[in-house]
Amino acid sequence: MNLRRDVYQAIADPTRRAILLLVSSHAMTAGAIASNFDTARPTVSKHLQILAECDLLEQEQNGREIFYHLNPRKMKEIAEFIEPFRKLWDDRFHKLEAVMKKYKSRK
Amino acid sequence: MQRKTKVNAEDGKQELSISREFDLPLELLFKAHIEPTMVEQWMGTKVLNLESRKHGGYQFETADPQGNVIFRAHGVIHELSPNRKIVRTFEMENTPFGVQIEFYDFEKLTEDTSRLNMHVIFESVAQRDQLLKLPFAQGLNMAHDRIQDIVNKLR
């Protein structure tokens, strides 16, 4: 069964975020992308498929090869995504405070 | 009261700054940055190595539950003045962002509060902007209007 894809789901996965990072500088083939991961090639292909279905990645045929690149328009749409990630750093700093307060009370 | 992380990234500059006030004494805020076990806890990454001293180095790594490395970063510490300052390089491996120089300034506000000012310098404007264009790259707490600016340029 194919679940309905949504972008939140797409970027929730760390491997897919890493893929988006990779292709942010230049278009890459699936093989070149996969070579950056220890994961099995079909797993990477699945991730690419999900990102493409969400329009975060665009495919471009160049001769026999398909290159993947970021879709800037979709990136615009997910600008609101800054909030979860903004929160991630805030959470991190909150954690820092909590960790250090606990440490302080133990002293 | 929730304290907010502020990020400033001016147009056309190859730098950005991050600042945040902490409900912690200066000494503890500093300690959170130099003790490997503490860095691990709040950064949520494995600290493979962290020599908190001048000429020391560090290496962070995060793997997914299957054991695949999804984040690896390293750098060298240029200066470390206790409770005052850390100057270090930072490089995220397998990304286009290059090497960054990070200046951490630790500041005492009151006996129980402190502030961290981070100044990050990139090799080029393009590299900084590339990082900023990815809202999720670092999870930095960026001003939303700044993101809007960048996004507008993408159109």
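Mentor: Let's start with one pair: B:Phe106 has B:Leu116 in S8(B) as its bridge partner. Before we go on, this is a predicted model, so local features need pLDDT of at least 70 and side-chain atom pairs count only at pLDDT 80 or more, while totals for chains, interfaces and linings use all residues. As for labels, residues are numbered from 1 along each chain as its sequence is written, and chains are lettered from A and ligands numbered from 1 in the order in which they are written.

Back to our pair. Strand S7 (residues 99-108) and strand S8 (residues 114-121) of chain B run antiparallel and are joined by eight bridges. Strands here are DSSP runs of E, at least two residues long, and helices are runs of H or I, at least four, both numbered from the N terminus. Two strands count as paired if DSSP finds at least two bridges between them.

Now zoom out. In chain B, eight strands make an open, antiparallel sheet, ordered S1-S2-S8-S7-S6-S5-S4-S3. At its edges sit strand S1 (6-8) and strand S3 (46-50) of chain B, each pairing on one side only. From one strand to the next, the twist averages 20 degrees. Packed on this sheet is helix H2 (residues 36-43) of chain B, touching S3 and strand S4 (57-63) of chain B, with its direction at about 150 degrees to that of S3(B). Such angles run from 0 to 180 degrees between N-to-C directions, with axes fitted as lines to C-alpha atoms, for helices over the stretch in contact. If you're picturing side chains, in a regular strand they alternate between the two faces of the sheet.

Chain B has four helices and eight strands, and along the sequence they come as β-β-α-α-β-β-β-β-β-β-α-α. Among its contacts between residues at least 6 apart in sequence, 37% join residues at least 24 apart, a contact being two C-beta atoms, placed from the backbone, within 7 Å.

How buried is chain B? Of its 155 residues, 28% are buried. Buried means 20 or more other C-beta atoms within 10 Å of the residue's own, exposed means 12 or fewer, and partly exposed is in between, with C-beta atoms placed from the backbone. Take B:Phe22, in strand S2 (residues 15-22) of chain B: B:Phe22 counts as buried because 22 other C-beta atoms lie within 10 Å. Its C-alpha atom is 9.7 Å from that of B:Thr5, 17 residues apart along the chain.

Contrast that with B:Asn94, in the loop between strand S6 (85-92) and S7 of chain B. B:Asn94 is partly exposed because 13 other C-beta atoms lie within 10 Å. B:Asn94 also has a positive phi of about 60 degrees, though not a glycine. Most residues other than glycine have a negative phi.

Finally, the cores. The largest nonpolar core has 19 residues, and among those touching the most other members are A:Ile19, A:Leu48 and A:Leu57. Two or more residues each come from helix H1 (7-12), helix H2 (14-22), helix H3 (30-34), H4 and strand S3 (65-70) of chain A, together with strand S5 (69-81) of chain B. H2(A) gives the largest share, four residues. A nonpolar core here is a set of buried Ala, Val, Leu, Ile, Met, Phe, Trp, Tyr and Cys residues joined through C-beta atoms within 7 Å.

Chain A has an open sheet too: three strands, antiparallel, in the order S1-S3-S2. Strand S1 (28-29) and S2 of chain A are the edge strands, each pairing on one side only. S1(A) is joined to S3(A) by two bridges, with A:Thr29 opposite A:Phe67 and A:Met28 opposite A:Tyr68. On the other pairing, S2(A) and S3(A) share six bridges, and A:Glu60 has A:Phe67 as its partner.
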